[in-house]
Amino acid sequence: MTETTVDATGSSPLLRAFAYAAVLAVSFVMLYPLLWMVSSSFKPENEIFSTTSLIPETFTTDAYRRGWNGLSVSFGWMFLNSTVIALLAVVGNLVSCSMAAYAFTRLQFKGRSFWFALMLGTMMLPQHAVLIPQYLMFLNFGWVNTILPLVVPKFLAIDAFFIFLMIQFFRGIPRDLDEAAVMDGAGPLRIFFKIILPLSTPVLATAAVFSFIWTWDDFFAPLIYLNDIEKYTAQLGLRTFVDATAQSDWGALLAMSTLTILPIFILFVVFQRLLIEGIATTGMKR
Amino acid sequence: MLVDDVPHRRVHRWTHLRQHLAGYGFLSPWLLGFFVLTLGPAASSLYLSLTDYGLMSAPRWVGADNYMQIATSDPRFRAAMNVTFTYVLLSVPLKLVFALAVAILLNRGLRGLNWFRAIFYLPSLIGGSVAIAVLWRQVFAGDGILNQVLMALFSYEGPSWIANPSTSIYTLIALAVWQFGSSMIIFLAGLRQIPQDMYEAASIDGAGRSRQFFKITLPLLTPVIFFNAVILTIDAFKAFTPAFVISDGTGGPIDSTLFYTLYLYQEAFTNFRFGYASALAWVLVAIIAAFTALSFLSAKYWVHYDD
């Protein structure tokens with residue numbers, strides 16, 4: 001989407017000034033809590049609640065030091081856990097979903113429409129319907145308290161949404177390319193690797209970034225599957241930290257909150273256009 | 001429509017076979033996942049919902065007892081329904097109105113559109129994380145930012161919005177509304193689709209601004225409004241993390257933030273009543289399905305589909 005600053009409805013200057021003021025006000029109110037969180041994380045504890053100012057009078061990174069080692073396991077360890085899980089989820093989603101999307105758009109096989117309809121059906125089914133048997137199954141496998149229940153399903157294309165996203169994109173790749181390759185004797189495997197995947201980097205990137213962010217942010221699955229604090233993700237660690245510090249060390253809590261959002265924020269800044277286009281074209285949640 | 005995607009151009013028999021094999025080969029991860037992670041568990045949880053099943057015992061068949069108990073004698077279920085419906089019925093319309101209003105403001109050709117779009121989208125992206133729930137606890141606490149601002153501006157001493165059972169749910173609704181950005185982006189994309197000449201023609205016919213809005217913008221946007229409403233409603237029914245973090249997993253004070261999913265979680269993973277929790281899960285599925293079906297049925301009365 002390119003920036004087209006067309007004057008949509010021929011607004012008068014006054015009206016436009018009003019719109020501008022309104023939008024600015026809304027952005028300020030929306031951003032204020034976030035800015036407050038970041039600035040408070042750099043304030044000494046006694047300054048956090050004594051002023052609503054966004055600029056710390058005394059700048060200190062003390063809260064980060066207290067927070068980082070605030071639990072029996074360092075937050076660094078939990079960030080590492082989160083990163084490993086999120087990266088594996090990215091790989092799993094990219095591999096399994098692109099394979100499925102390729103089968104649905106480019107290969108002709110018996111039962112394709114049937115499976116396609118079922119795939120759309122799974123997108124509608126709330127995860128709660130399968131939650132308990134899945135949990136019991138992973139418990140049986142001895143997978144509870146490991147990262148396997150969080151990662152393995154991604155390699156089985158459980159996030160059908162990404163299949164859907166890739167299907168939309170693959171359909172736009174000209175079929176002449178495949179046909180030319182077939183004439184040259186290329187099989188389905190070669191077409192997938194030499195034609196489809198190389199031309200699909202935009203959609204693969206979108207899926208990768210969303211996979212990472214959603215897995216990083218996920219709270220529910222780690223909550224039910226991970227028990228030992230050494231295995232916690234950053235989200236679980238933060239939530240444990242809330243319990244541990246209660247109201248006593250807001251500075252450290254806000255510092256760790258800021259840190260858990262930071263990776264998402266960086267991805268957001270770098271891939272902003274990709275993410276927003278992804279939302280605009282598919283109506284993806286979040 | 002899918003089958004016709006592949007043209008039947010002189011495809012030889014062996015290529016056919018190879019296509020079948022390749023098709024199932026590429027589909028195999030999904031197929032495995034479908035059977036092992038979706039179909040099997042779905043069937044199993046339907047069965048479990050008809051049993052009494054805890055960690056210590058084998059499932060014992062109880063027929064529709066769980067569902068009967070849910071329907072007739074479970075005060076916490078009623079509390080959860082109350083909280084969840086309040087949340088859905090307030091947060092979804094508010095979010096839609098906000099998203100649409102801001103999209104319309106932005107669509108007036110403001111400078112820095114991309115900046116604003118990004119700023120408004122950020123909360124949607126991070127809103128579900130624990131950090132934001134932590135922040136929200138702080139914002140609405142007794143000594144939180146909201147009360148500090150109220151004190152500074154109006155010398156009004158606010159209560160602890162989180163600890164007060166009559167206001168706690170509204171802090172969660174505010175959190176949902178704060179995340180209007182992704183819907184706004186979809187609205188913006190929809191607004192761009194409306195042909196400009198319709199407005200020009202309307203102006204020539206002497207239609208004023210508000211008339212244009214109600215006769216052109218709103219009707220042409222109804223498909224997007226419909227889409228957003230359905231997605232937001234389903235998501236709202238499934239909300240979990242904020243209520244969990246804000247209430248320390250209790251749904252309190254006095255069950256005032258007991259989201260349906262939170263109640264389900266407690267039954268399954270703190271009380272280990274797997275049978276009962278499975279029944280709760282299917283009731284939720286039924287509620288979401290009913291809501292979605294109703295939306296689609298209602299669509300033909302208010303959603304405007306051109307040509």
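1. Let's start with helix α8 (residues 160-171) of chain A in this predicted model. Its end C-alpha atoms are 17 Å apart, and its 12 residues should span 16 Å at 1.5 Å a residue, so the two values agree. The expected span is 1.5 Å times one less than the number of residues; helices (H or I, at least four residues) and strands (E, at least two) are DSSP runs, numbered from the N terminus. The buried residues of α8(A) are A:A160, A:F162, A:I163, A:L165, A:M166, A:I167 and A:F170. Buried here is under 20% relative accessible area, exposed is over 50%, and partly exposed is in between (1.4 Å probe, protein chains only).

2. A word on conventions. Residues are numbered from 1 along each chain as its sequence is written, and chains are lettered from A and ligands numbered from 1 in the order in which they are written. Because the model is predicted, local features need pLDDT of at least 70 and side-chain atom pairs count only at pLDDT 80 or more, while totals for chains, interfaces and linings use all residues; side-chain values use heavy atoms, with hydrogens and water left out.

3. A:A157 sits in the loop between α7 (148-155) and α8 of chain A. Its phi is near 55°, which is positive although the residue is not glycine. A:A157 is also buried, at a relative accessible area of 3%. Chain B has a positive phi to check as well: B:D255, again not a glycine, has phi near 60°. B:D255 belongs to the loop between α11 (241-246) and α12 (260-270) of chain B and is partly exposed, with 23% relative accessible area.

4. On the annotation: an unreviewed UniProt entry marks "transmembrane region" at residues 17-38, 75-102, 114-135, 147-170, 191-216 and 250-276 of chain A. UniProt positions follow the numbering used here, feature names are shortened, and annotations may be inferred rather than shown by experiment. How does the model treat residues 147-170 of chain A, in helix and strand content? That span is 79% helix and 0% strand, with its end C-alpha atoms 32 Å apart. Residues 250-276 of chain A come out at 100% helix and 0% strand, and there the end C-alpha atoms lie 33 Å apart.

5. For chain B, UniProt (unreviewed entry) lists "domain: ABC transmembrane type-1" over residues 81-295. In the model that stretch is 75% helix and 0% strand. Its end C-alpha atoms are 19 Å apart.

6. Now the interface. Chains A and B bury about 9700 Å² between them, 73% of it on carbon and sulfur atoms (the accessible area, 1.4 Å probe, that two parts lose on being put together, summed over both). In chain A, which residues lose the most area to chain B? They are A:M30, A:Q108 and A:H128, together 8% of what that side buries. The contact (heavy atoms within 4.5 Å) takes 108 residues from chain A and 100 from chain B.

7. The rule takes rings of Phe, Tyr and Trp (its six-membered ring) with centres within 6.5 Å; planes under 30 degrees apart are stacked, over 60 edge-to-face, the rest tilted. One of them is the edge-to-face pair of A:Y20 and B:F116, 6.0 Å centre to centre with 85° between the planes. A:Y20 lies in helix α1 (residues 13-41) of chain A and B:F116 in helix α4 (residues 113-126) of chain B, so this pair joins two chains. A:Y20 is partly exposed at 32%, whereas B:F116 is buried at 7%.

8. Within chain B, B:F85 and B:F291 make a tilted pair, 5.8 Å centre to centre and 50° between the planes. B:F85 is in helix α3 (residues 75-106) and B:F291 in helix α13 (residues 274-302), so the pair ties together parts 206 residues apart in sequence. B:F85 is partly exposed at 23%, and B:F291 is partly exposed at 24%.

9. There is also a charge over a ring: the charged end of B:R273 sits over B:Y276, 4.3 Å from the ring centre. The test is NZ of Lys or CZ of Arg within 6 Å of the ring centre and within 35 degrees of the ring normal.

10. A:T233, in the loop between α12 (220-225) and α13 (234-245), is buried at 5%. Leaving aside neighbours within four places in sequence, A:T233 contacts A:M78, A:S82, A:I85, A:P222 and A:L226. A:F116, in helix α5 (residues 112-124), is buried at 8%.
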